[in-house]
Structures are given as structure tokens and as C-alpha cells.
Amino acid sequence: MYILGMESSCDETSAAVVEMSDNARVIRSNIVASQIETHRLYGGVVPEIASRAHIEAISRITYEALDTAGIGVKDLGAIAVTSHPGLIGALLVGVNFAKSMAYSRGIPLVAVNHIHGHVAAAYLSQKDLKPPFLALVVSGGHTSFYQVDDYTSFREIGGTRDDAAGEAFDKIGRVIGLPYPGGAALDKLAYEGDPNAIRLPSPALMGDTLDFSFSGIKTATLNYLNGMTQRGEEINRANVAASYTQGIVGAIVKKTEQALKQTQTKTLVLAGGVAANSHLRAALERLCADCGVWLAMPDRSLCGDNGAMIAAAGYFEFQKGNFAGTDLNASACDDL
Ligand code: KG4
Ligand code: ZN
């Protein structure tokens, strides 16, 4: 069946057509209108501007997705839309557009959790992937472990107690003068620096917990940068990028090793915007090779927010009969 996936939870308006069945997972189109240039001026996402930009883009993006896939609205078996979590005004644009389209054309509607969407991106790249597995979602808003028992059943077993890894990358990226969002630029810059140049605290919490705390490494890095500036010393930005990346990636790898041991899982899915980080991908590949675990990752192009991952997750909600009505609302929180 053809399923339209719609995503508007943050600063990307996206619509995609994905063909899903028991033995096919094919992306027919995946159109993403990014607002990054608009928000760059402010160094971060401005929620009100994001909502307006979604309103301006959503209709055009949706019809472009259908045209590119070579189908019409009548060919859709379902419409899937991100309903939570995210920026509430931004989410409401997608939810209301999807509800109107579904109601006016008599098409089943399904609500998708954005995090489940990120994980579902892995199904599109790894055709043999199926639950159960352990999922590590690393994004601008989350750094969490989930036990995925079934396509629609997620149990969170660890998470960040403060900032998410993406947020932490973006913050230091901004302070050292990289364009917003700093994550991707920091990834590249880290190759030019010495990862042992600056001593930083680890974001991996001690003990059995699978939680993280990224605020300590962020503050320590800010203090280091302020101290250097006050003493009039030159900052080596590549060393900062390399040391900071090593600290964050090292902590994620350490907790992942613990999570794999605790859950005895043989498949790990890495997903979310930060799953595009080349250092993290390489480090987890090494860990999984050593532990005999299959690391199932979405292609880097599917790690950031996109409609195809929402369509894929929506297909499994559809199969479970989890339909949404015209009373569907959006929620900023992890639960609807
Ligand atoms: O999943 P996502 O697109 O949006 C949320 O759901 O939050 O993640 C966005 C985050 C941003 O913080 C961005 O800087 C980060 O993903 N990101 C990266 C890389 N590419 C995107 N962080 C580190 N390395 C990258 N290559
Ligand atoms: Zn996301």
C-alpha cells in the first residue's frame, strides 16, 4: 500500500510516499523543506517562525511528494502524521493538514510518535530488520535507549537527565562560531583536532543506570573556552571539536555496551539526527563487531527529520488498527 508520511515537529516540513507491504519497503518520494537558513540568523529554532514556515510549505510539499511518486491522493491507503513530541505550534500544522486531507478524501489517518519514526527509518535502509531489538535514539531532543519488543511497542530503559546529545553539540558549535546547527560542522572539524587535547568530564553516569547527563561536559567546555579567552590565549577549535566529540561519543558507547549486556540483545538500531555523526557510527560499528551484535542503521540521509520515516512507522500503526480520528491533537510531550 502507498502511505503518505507527514512531518512538521521542528524545523523541517516533510512529506513522503512510501510503499509498504509484508515484503516491500520502498521510498517513492521524500521531500524535505528545511528552515535551517531562516533560523540560522537567531542561532536556534524560533518556534513561532517555524510554525509559519510550515504553514507556507506544507501544501506544496505534500503535492510535490505525490507528484514525484507518480500517484494521486486517491491512491493512498493511509496518511501518517507526527503528532508528538515536538514544538506544539509546528506539530499542529502537520496534524491539522493531515486530518483535513484524510477526512475530506475518506483516507485512514494514523498518528505517529516522532521517536518511533526515527527508529522506523532503519526499516527503510535495512530490509531484513524486525523487532525485537535495542534502539538508541540520539537527536536534538533525545538521547534514549528503548527496548523495542514489537513494531509499535517501545519501553524506555535509559535517557538523558538534562540536555540531549544533539543539543549539546549545537551549543558548543555555536560558541566556537560554527553555523547553526553545529552538529554536522563539528563532526567534520573533529577530524582536524586532537581528541586528547582537552580533559573533559564523561557524560556517562556511574553505575548500572543507562542514563546520561550532558550538561557537565557542556559547562566544562564553556568554562575552558571562557578561561582561554580571559587569558588571551588562542583557541584551537579543532581540538575543542575533537575532545568534545570524543567525550560525548565515548559516553554513548560505554552506556551502549552496558545496555547490550543488560538486555542480552543481538541487534542494535541507531537512529535520530545525531546518528549521522560519523565518529559515533564508526565507534558503535567497532563495539558491535566486538560484541557480535548487528548494528542496523538508517542511511545517513534518513537520520534527520523526514516524512518517509513517519510513513514507515505509520504503516505498522495501521497494521495494528491504531487509527486516529478528527479529534486527534498534537502534544509537545513524549506521550500523547
Ligand atoms: O533528529 P533531528 O533531525 O531532530 C530532532 O528530532 O531533534 O536531530 C537534529 C540534531 C541537531 O542537533 C543536529 O546538530 C544533529 O542532529 N546532527 C548531528 C549531525 N547531523 C545532525 N550531530 C552530530 N553530527 C552530525 N553529523
Ligand atoms: Zn527528529
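What is the relative accessible area of alanine 332, and is the residue buried, partly exposed or exposed?

Reply: Alanine 332 has a relative accessible area of 43% and is partly exposed. Here buried means under 20% relative accessible area, exposed means over 50%, and partly exposed lies in between (1.4 Å probe, protein chains only).

Two notes on the basis. This is a predicted model, where local features need pLDDT of at least 70 and side-chain atom pairs count only at pLDDT 80 or more, while totals for chains, interfaces and linings use all residues. Residues are numbered from 1 along each chain as its sequence is written, chains are lettered from A and ligands numbered from 1 in the order in which they are written, and side-chain values use heavy atoms, with hydrogens and water left out.

Now the surroundings of alanine 332. The residue sits in the segment after helix 10 (307–319). Helices (H or I, at least four residues) and strands (E, at least two) are DSSP runs, numbered from the N terminus. Beyond residues up to four places away in sequence, alanine 332 touches Pro85, Gly86, Ile88 and Leu91. Contact means heavy atoms within 4.5 Å. Histidine 84 is 248 residues away in sequence, yet its C-alpha lies 5.8 Å from that of alanine 332.

Histidine 84 has a feature of its own. A cis peptide bond, with omega about -20°, joins histidine 84 to proline 85. Proline 85 belongs to the loop between strand 4 and helix 3 (88–105). Proline 85 is also one of the residues that alanine 332 touches.

Follow the chain back into strand 4 (residues 76–84), and there is alanine 78. Its relative accessibility is 0%, so alanine 78 counts as buried. Leaving out residues up to four places away, the contacts of alanine 78 are Met1, Tyr2, Ile3, Leu4, Ile107, Pro108 and Phe318. Leucine 109 is 31 residues from alanine 78 along the chain, with 5.8 Å between the C-alpha atoms.

Next, the metal site. The zinc ion (ligand 2) is coordinated by His114 (NE2), His118 (NE2) and Asp305 (OD), at 2.0 to 2.1 Å. Donors are N, O and S atoms within 2.8 Å of the metal (3.2 Å for Na, K and Ca); water is not among the atoms, so sites may look incomplete. Along the chain the zinc donors are spaced H-x3-H-x186-D. Both histidines lie in helix 4 (residues 114–125), 4 residues apart, about one turn of the helix. Histidine 114 counts as buried at 8% relative accessibility. Histidine 118 is buried too, at 2%.

Proline 132 is in the loop between helix 4 and strand 6 (133–138). Most residues other than glycine have a negative phi, and most peptide bonds are trans.

Glutamine 264 has a positive phi, near 55°, and is not a glycine. The loop between helix 8 (237–263) and strand 9 (267–271) holds glutamine 264. Glutamine 264 is exposed, with a relative accessible area of 65%.

Tyrosine 180 is in the loop between helix 5 (165–175) and helix 6. At 15% relative accessibility, tyrosine 180 counts as buried. Apart from neighbours within four places in sequence, its contacts include Asp11, Ile36, His39, Arg40 and Asp170. Threonine 209 lies in the loop between helix 6 (182–189) and helix 7 (215–230). Threonine 209 is partly exposed, at 22% relative accessible area. Residues up to four places away aside, threonine 209 touches Arg161, Lys255 and Gln258.

Finally, the whole protein. There are 10 helices and 10 strands. The radius of gyration is 20 Å, close to the 20 Å that the globule rule gives for 336 residues, so the protein is as compact as a globular protein of that length. That radius is taken over C-alpha atoms, and the globule rule is 2.2 Å times the number of residues to the power 0.38. The C-alpha atoms fill a box of roughly 65 × 45 × 30 Å along the principal axes. Buried residues make up 57% of the 336. Of the contacts with a separation of 6 or more, 73% join residues 24 or more positions apart.
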